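Follow the charged side chains through this chain. Which of them pair up, and where do the partners sit?

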Amino acid sequence: MPVYNKLVRDEIPNILTEKGKDFVARPAKDKEEYQIKLMEKLQEEVGEFLETPCAEEIADIQEVLDALAHSIGSSIAEVHNLKVRKAATRGRFLDGHILWSVED
């Protein structure tokens, strides 16, 4: 049986059970382990996006970011509001500006 030792989506154990698969899974033992596994999952999903840039991989990244926000006591709405405020004052990343240097 392959060993994964990684965070999976909440419904994966149910899906495996429905398919009649034998598996071993457990909840994260504490908040620290959960956050570490979320960060590992974020790296995994970003790596997958870098290999295959597509909307599905961006959705996976956003799902992990939502869980990270929740894990630090924030919310998707709070993160969205911060994003909107920053966009209003500093802009977004849509125009592709590359800053080379700034005079002192």
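Start with R9 and D60, whose side chains meet in a salt bridge, 2.8 Å from N to O. This pair links distant parts of the chain. R9 sits in the segment before α1, while D60 belongs to helix α3 (residues 55–71), 51 residues apart. The model is a predicted one. R9 is partly exposed, with a relative accessible area of 45%. D60 has 16% relative accessibility, so D60 counts as buried, because the cut-off for buried is under 20%.

The structure holds five salt bridges in total. In another of them, E44 pairs with K6, and the closest N and O atoms are 3.2 Å apart. E44 lies in helix α2 (residues 31–51) and K6 in the segment before α1 (12–18), so this bridge ties together parts that are 38 residues apart in sequence. How exposed are the two partners? E44 is partly exposed at 25% relative accessibility. K6 is also partly exposed, with a relative accessible area of 39%.

Now stay within helix α2. Here the side chains of K37 and E40 form a salt bridge, 3.2 Å from N to O. Both residues lie in α2, three residues apart, which is about one turn of the helix. K37 counts as buried at 15% relative accessibility, whereas E40 is partly exposed at 37%.

One last link remains. The general principle is simple: side chains of opposite charge can pair when their charged atoms come close.

Key. Residues numbered from 1 in each chain as written. Predicted model: local features only at pLDDT ≥ 70, side-chain atom pairs only at ≥ 80, totals over all residues. Heavy atoms only, no water. Salt bridge = Lys/Arg side-chain N within 4 Å of Asp/Glu carboxyl O. Helix = DSSP H or I, 4+ residues; strand = E, 2+ residues; numbered from the N terminus. Buried < 20%, exposed > 50% of the residue type's maximum accessible area, 1.4 Å probe, protein only.
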